[in-house]
Number of protein chains: 2
Amino acid sequence: MSAAETVSAGILVIGDEILSGRTKDKNIGYIAEYLTNLGIEVAEARVVPDDETRIVAALDEMREAYDYVLTTGGIGPTHDDITADCVAKAFGVVISENDEALAMLTSRFPSRELTEARRRMARIPHGARLIENPVSKAPGFEIGNVFVMAGVPAIMQAMLDNVAKRLRTGIRLHVVNIETRIREGDVAGPLRAVQEAFADVAIGSYPYYSDSGFGANVVCRGREPARVEAAAEAIVAALSALGEVRLAPPDAA
Amino acid sequence: MSAAETVSAGILVIGDEILSGRTKDKNIGYIAEYLTNLGIEVAEARVVPDDETRIVAALDEMREAYDYVLTTGGIGPTHDDITADCVAKAFGVVISENDEALAMLTSRFPSRELTEARRRMARIPHGARLIENPVSKAPGFEIGNVFVMAGVPAIMQAMLDNVAKRLRTGIRLHVVNIETRIREGDVAGPLRAVQEAFADVAIGSYPYYSDSGFGANVVCRGREPARVEAAAEAIVAALSALGEVRLAPPDAA
């Protein structure tokens with residue numbers, strides 16, 4: 001696939017609280033689904049602690065490897081919010097108070113509330129373009145191929161809507177979901193045979209375990225809708241002798 | 001800190017379905033909290049696709065960097081389950097059907113159900129020790145400092161209970177949680193002052209945004225309980241003039 005067809009992204013989640021398990025990350029899944037729907041392939045997600053060396057290393061590795069890097073976390077007002085400084089360091093640029101960002105903060109905070117800590121949120125690496133934050137005003141920013149967003153999910157999600165407009169999108173894959181109540185060990189053989197016949201369709205199987213027992217759902221993805229549909233039909237045909245199987249509605253993708 | 005005091009771990013989540021957003025990962029948060037409670041520091045979490053090169057590279061990087069690596073996903077019966085082969089490749093060992101693993105599978109599946117696909121789940125790298133799976137029998141395994149577990153949360157969680165018994169644990173950190181209804185920009189200044197006075201206590205602040213507005217909770221962590229308690233008291237004293245603040249019960253850690 002040429003670069004024109006595929007657009008890749010890495011997700012970098014920054015924060016001790018995720019690695020201690022205190023906060024359960026909700027951003028990876030949200031961003032992954034969002035970018036996939038734009039035709040952008042999420043190639044990796046990584047969680048690192050609030051540690052400058054680790055953040056800078058991950059930024060450098062990921063921005064080299066992927067078309068885009070989206071980060072969440074570490075842009076608040078406290079001493080452990082070091083993401084903006086780390087991004088400046090990774091790009092080798094100066095960071096200082098940004099007038100536009102300060103104006104956003106003053107639109108929310110009367111001057112007596114604009115504490116030194118809050119003013120820190122206006123510190124932006126030079127050369128960056130701001131990402132508006134409609135929820136709490138303190139902006140994220142974009143520099144090079146890196147998009148820096150807040151960690152609080154409601155704020156991140158609002159920022160992501162703004163980020164999305166700036167991204168080059170890829171060809172969205174055609175997806176067909178197949179739901180079965182057949183155990184994965186029974187679908188595996190037929191699936192392998194179909195996969196061999198449809199090398200251009202990615203066929204994944206996702207086992208589940210619920211009170212009603214074991215089962216596996218199947219997803220077919222590919223660039224050619226007709227091929228994906230044909231692979232899905234072949235799978236339904238191959239599995240229907242083994243148990244309940246049905247094509248799921250497309251919005252369940 | 002010496003190696004005797006700190007035990008580190010990395011979490012490696014394997015699976016296209018997490019990166020497409022189709023499946024929302026629940027394993028990172030669960031494992032992170034579990035290991036933290038054992039006094040093991042989770043230093044990184046990473047999600048990679050079902051791709052041999054990427055899995056082997058992540059395994060090699062993480063098993064070198066941390067005391068332990070725990071993986072989830074990719075050990076089922078289907079063609080896209082390639083984790084065991086990748087681990088064998090990373091360690092440079094042969095993989096083949098393991099008698100003990102096969103016995104576990106035959107305890108569940110009558111021979112007519114033990115399809116070729118299911119038998120694949122008995123393929124284990126040489127030199128590995130099995131991890132029992134009380135839910136669906138197909139085992140995980142341990143080799144070197146790597147622990148390979150299933151991706152389905154209910155199965156992973158059962159395996160993790162077995163893995164935990166084999167891990168060297170560190171000194172569990174003493175943790176005090178402080179709940180506030182004060183916005184993060186207002187707690188930031190006082191927190192920074194307390195952090196400077198208590199360099200041996202890690203003080204984190206976690207903003208939230210709910211229907212009732214903005215706020216921030218604070219967590220103090222450290223090896224010396226008395227120091228952590230003292231830092232927490234200093235924070236409560238410093239913040240109480242600014243709004244509602246209270247020590248949270250310890251089990252909310």
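User: What covers the buried residues of α2(B)?

Analyst: Happy to walk through this; please keep in mind that the model is predicted. Helix α2 of chain B spans residues 27-37, and its buried residues are Asn27(B), Ile28(B), Gly29(B), Ile31(B), Ala32(B), Leu35(B) and Thr36(B). Their cover comes from both chains. From chain A it includes α1 (16-19) and β2 (40-48), while chain B itself contributes β1 (7-14), β2 (40-48), β3 (68-72) and α7 (153-164), among the elements that cover these residues. Just past the end of the helix, Gly39(B) adopts a positive phi of about 85°.

The β2 strands named in that cover also meet each other across the two chains. β2(A) and β2(B) run antiparallel and are joined by 3 bridges, and in this pairing Val47(B) of β2(B) is the residue opposite Ala45(A).

Stepping back to the whole contact between the chains, 53 residues come from chain A and 53 residues from chain B. On the side of chain A that touches chain B, the elements that each supply at least two residues include α1, β2, α7 (153-164) and β10 (202-210). The biggest share on that side is from α8(A), which gives 8 residues. Sorted by class, the chain A side holds 24 nonpolar, 15 polar and 14 charged residues. To return to your helix, then: α2(B) has its buried residues covered by parts of chain A as well as by parts of chain B.

Conventions. Residues numbered from 1 in each chain as written. Chains lettered and ligands numbered in written order. Predicted model: local features only at pLDDT ≥ 70, side-chain atom pairs only at ≥ 80, totals over all residues. Buried ≥ 20, exposed ≤ 12 C-beta atoms within 10 Å, placed from the backbone. Helix = DSSP H or I, 4+ residues; strand = E, 2+ residues; numbered from the N terminus. Contact = placed C-beta atoms within 7 Å. Nonpolar A, V, L, I, M, F, W, Y, C, P; charged D, E, K, R; others polar. Pairing = 2+ DSSP bridges.
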